Amino acid sequence: MFKYTSIFIQRYCPRQCPYCTAKDVRGKRKLRVHEWQRIFEYLDKEGFEFHLILGNESLAYPWIVDFVKMMRGRYYTLYTTFPEPFHSRTTEKLIEAGVYSLSCGVDYISSEGLTDDYIKSTWGVQVMSKIKDRIPDHQLTITIHRKNYKAIPQIMDVLTKMGFILGASFIEFSHDGKHDFFPTKDKLLGYVFTEEDREELDYVMNLVADGIESGKYYVQPPPEYFRDAAKYAIDISWHCSKPLILSIEEDGSLRCCAYRKGEEICKYTMFDLIDGIVSLDDVRRLWKKESRECPGCYWSYPYIVEYWEKHNEEFGKKVIQVHASKYYRR
Ligand code: SF4
Ligand code: SF4
């Protein structure tokens with residue numbers, strides 16, 4: 001049963017994080033707010049419980065304020081890294097419009113690097129510190145990669161003490177070249193883990209898992225996600241197993257997941273679902289076929305969703321909706 005979504009409401013991003021090509025993907029067009037409204041009314045009717053609104057950079061278009069007004073009463077998080085000039089024009093208006101939750105990418109807590117993954121981090125922490133108590137829910141989310149993993153316990157310690165709730169996901173690459181926005185391993189040299197990292201990654205991520213279990217770090221993914229890191233984050237071989245997350249492109253077309261466009265599923269749109277041209281059962285069948293062909297990932301969102309479906313469905317809903325965790329309950 002699809003219960004959650006991951007949605008690209010637009011693809012532009014002014015940043016140039018060295019490990020990301022998400023901004024190079026495009027739909028045929030961007031939907032307008034009234035079209036998203038139709039889509040969300042359908043998703044409400046079908047009982048969807050949470051929406052991961054992925055931007056790439058959500059603040060980049062002025063209509064985001066109307067989008068947030070339209071989303072009142074729903075559980076979602078909106079991803080942004082607060083880039084200028086968009087941030088000073090828009091963030092305050094989003095708060096006034098009643099934004100439910102903001103999620104911001106933070107990979108470092110120092111500003112020693114000049115690349116955008118450093119810049120977005122320090123900027124994101126500053127802005128989120130000022131606004132987090134004025135919105136119902138928030139999250140900083142860390143991409144863990146070869147350049148920052150040894151500092152992750154320290155980063156989590158500092159950010160938890162600052163009152164942040166943290167997400168984290170390991171860096172991805174595509175084994176078959178069909179993840180449409182993560183480059184292949186070759187293009188990510190220096191960022192992806194190698195066999196040489198196995199022992200130390202295992203050691204550091206077990207420290208993270210211990211810190212979560214002891215309540216020291218407020219982190220959304222369960223400790224098991226980090227304890228398994230050496231197995232999955234090097235090979236990118238974890239695999240989702242259930243159609244729980246419906247993924248949607250900026251033009252309303254369906255996707256296999258946020259990483260993969262797929263080959264059949266993307267021929268249909270949300271409007272085909274709304275108009276009854278395909279059913280959610282048809283989409284589930286297509287999803288199963290497409291996802292079986294995927295060599296895997298180690299993305300934390302499907303991992304968390306599947307984990308809680310298995311362990312405690314009701315509490316899992318809370319984990320997703322308010323960024324709670326197994327050891328940190330809100
Ligand atoms: S801010 Fe996010 S979407 Fe933009 S380039 Fe960096 S990782 Fe990619
Ligand atoms: S394993 Fe599943 S969630 Fe991960 S990339 Fe493949 S189809 Fe997507």
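Me: How many nonpolar, polar and charged residues are in the shell around ligand 2?
Reply: This is a predicted model, in which local features need pLDDT of at least 70, side-chain atom pairs count only at pLDDT 80 or more, and totals for chains, interfaces and linings use all residues. Residues are numbered from 1 along each chain as written, ligands are numbered from 1 in written order, and side-chain values use heavy atoms, without hydrogens and water. Residues around ligand 2 include His 179, Cys 240 and Gly 296, where near means a heavy atom within 4 Å. With Ala, Val, Leu, Ile, Met, Phe, Trp, Tyr, Cys and Pro as nonpolar, Asp, Glu, Lys and Arg as charged, and the others, Gly among them, as polar, the count is seven nonpolar, four polar and no charged.

Me: How many charged residues are in the shell around ligand 1?
Reply: The surrounding residues include Arg 15, Lys 23 and Lys 120. The shell has four nonpolar and two polar residues, and the charged ones number three.

Me: Which peptide bond is cis, with omega near 5 degrees?
Reply: Most peptide bonds are trans. Pro 85 lies in the loop between β3 (76-79) and α3 (86-96), with helices (H or I, at least four residues) and strands (E, at least two) taken as DSSP runs numbered from the N terminus. The cis bond runs from Glu 84 to Pro 85.

Me: Which residue other than glycine has a positive phi, near 55 degrees?
Reply: Most residues other than glycine have a negative phi. The exception here is in the loop between β3 and α3. The residue is Phe 82.

Me: Is α11 roughly parallel or antiparallel to α12?
Reply: The axes of α11 (residues 300-311) and α12 (residues 313-322) come within 6 Å and cross at roughly 155 degrees. Angles over 145 degrees count as roughly antiparallel. So α11 is, to α12, roughly antiparallel.

Notes. Axes fitted to C-alpha atoms, helices over the stretch in contact; angles between N-to-C directions. Parallel < 35°, antiparallel > 145°, perpendicular 65-115°, else oblique.
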